[in-house]
Amino acid sequence: MASTSSTRPSYDVFISYRGKNIRDGFVSHLLNAFQQKQINAFLDENHCKGEDISPALLATIEESYVSVVIFSQNYADSSWCLDELVKILGCRKTLGQLVLPVFYHVDPTDVQELTGNFGEAFTIAKHGEELKGCLDRVEQWCHALMEISNIKEWDSRNFKFESKLVAKIVNDVWEKLGCFSSSDSPIDNLVGLESPVMKAESLLSIESTDNKRVIGIWGMVGIDRTTITNEVYSRKLIQI
């Protein structure tokens with residue numbers, strides 16, 4: 001991901017969502033699937049309706065490669081979620097952050113045009129801000145909703161089984177990340193390869209200097225075993 005920041009992002013994925021039911025169901029399954037792929041995802045479990053978003057959470061959004069925004073029917077009744085969305089859009093424009101929306105039992109058109117149940121939810125948050133005279137904030141919300149909802153990524157209505165949707169999201173994110181995680185060391189940047197590399201090193205008996213050794217790779221060009229070999233060579237652990 002192109003970034004103007006000199007530091008590496010702390011997370012692969014930031015998940016923006018609304019509601020305990022979503023968190024305990026769909027989002028928990030998504031988070032578990034990310035973890036199984038060793039994709040480092042951040043999930044804020046402490047956000048509350050009516051509270052201002054914290055500077056620490058804004059920094060977390062900025063320090064993520066990808067933001068996955070889960071638009072559910074009540075997403076837009078939360079000023080917290082809408083402020084997250086404004087920050088996410090800002091990171092997309094200034095840092096090149098990848099933003100991927102999920103329309104979870106919501107018509108994308110309702111998000112874009114603020115109609116249906118989604119539009120009704122937005123009216124709740126909008127009315128509260130209008131009473132405070134915060135019209136600029138409402139404008140930012142509307143702009144962020146329109147911009148991000150125009151990125152048509154995943155629509156839950158196109159999936160018969162939720163598990164298929166979760167698998168599709170995780171696999172797509174995996175590909176878009178280019179199999180890179182958010183850690184700093186070279187080998188840790190290759191997701192899921194630390195254990196296989198260690199096994200390869202043990203088979204080669206690296207510490208021994210009495211004989212030269214050869215390792216054979218069986219499989220298609222470009223598979224992870226080949227990547228492991230390249231990593232071992234890059235560490236100069238094999239002498240030819």
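Predicted model: local features only at pLDDT ≥ 70, side-chain atom pairs only at ≥ 80, totals over all residues.

Colleague: How does the accessibility of cysteine 142 compare with the limits, and how many disulfides are counted?

Modeller: A disulfide is a covalent bond between the sulfur atoms of two cysteines. In this model the count comes to zero disulfides. Cysteine 142 has a relative accessible area of 29% and is therefore classed as partly exposed.

Colleague: What share of the residues is buried, and what share of the accessible surface belongs to carbon and sulfur atoms?

Modeller: Of the 240 residues, 42% count as buried. The accessible surface comes to about 13100 Å², and carbon and sulfur atoms hold 51% of it. As for contacts with a sequence separation of 6 or more, 76% of them join residues 24 or more positions apart.

Colleague: In what order do the strands stand in the sheet, and is the pairing parallel or antiparallel?

Modeller: The five strands form an open sheet in the order E2-E1-E3-E4-E5, with parallel pairing. E2 and strand E5 (154-155) stand at the edges, and each has a single partner strand, so one side of each is left without a neighbour in the sheet.

Colleague: With which strands does E1 pair, and why is E1 described as largely enclosed?

Modeller: A general point on strands comes first. In a regular strand the side chains alternate between the two faces of the sheet. As for E1 (residues 11-16), five of its six residues are buried, so this strand is largely enclosed by the rest of the structure. E1 pairs in the parallel sense with strand E3 (residues 64-71) over five bridges, and tyrosine 11 stands opposite serine 64 in E3. E1 also pairs in the parallel sense with strand E2 (residues 41-43), over three bridges, where phenylalanine 14 has phenylalanine 42 as its bridge partner. Between E1 and E2 the chain passes through helix H1 (residues 20-36), and this β-α-β crossover is right-handed.

Colleague: How many bridges join E4 and E5, and which residue stands opposite tryptophan 154?

Modeller: Strand E4 (residues 98-103) and E5 pair in the parallel sense over two bridges. Valine 102 is the residue opposite tryptophan 154 in E5.

Colleague: Tryptophan 154 also has a polar contact with another side chain; which residue is joined to it, and at what distance?

Modeller: The side chains of aspartate 172 and tryptophan 154 are joined by a polar contact of 3.0 Å. Aspartate 172 is found in helix H7 (residues 162-177), and its relative accessibility of 11% places it among the buried residues. Leaving aside residues up to four places away in sequence, aspartate 172 touches Glu153 and Trp154.

Colleague: Where are serine 79 and threonine 109 placed, and is each buried or partly exposed?

Modeller: Serine 79 is in helix H3 (residues 79-95) and is buried, with a relative accessible area of 12%. Its C-alpha atom is 8.4 Å from that of lysine 126, 47 residues apart along the chain. Threonine 109 is in helix H4 (residues 108-113) and is partly exposed, at 33% relative accessible area. Apart from residues up to four places away in sequence, threonine 109 touches Leu114 and Thr115.

Colleague: Which backbone angle deserves attention in leucine 114 and glutamine 38, and where do these residues lie?

Modeller: The angle is phi. In leucine 114 phi is near 55 degrees, a positive value in a residue other than glycine. Leucine 114 lies in the loop between H4 and helix H5 (116-132) and is partly exposed, at 25% relative accessible area. In glutamine 38, likewise a residue other than glycine, phi is positive and near 60 degrees. Glutamine 38 lies in the loop between H1 and E2 and is partly exposed, with a relative accessible area of 48%.

Definitions and conventions: Residues numbered from 1 in each chain as written. Heavy atoms only, no water. Buried < 20%, exposed > 50% of the residue type's maximum accessible area, 1.4 Å probe, protein only. Contact = heavy atoms within 4.5 Å. Areas by Shrake-Rupley, 256 points an atom, 1.4 Å probe, with all protein chains shown as cover. Helix = DSSP H or I, 4+ residues; strand = E, 2+ residues; numbered from the N terminus. Polar contact = N/O pair within 3.5 Å; in protein donor to acceptor, adjacent residues only side chain to side chain. Pairing = 2+ DSSP bridges. Right-handed = clockwise from strand over helix to strand, strands pointing away. Disulfide = S-S within 2.5 Å.
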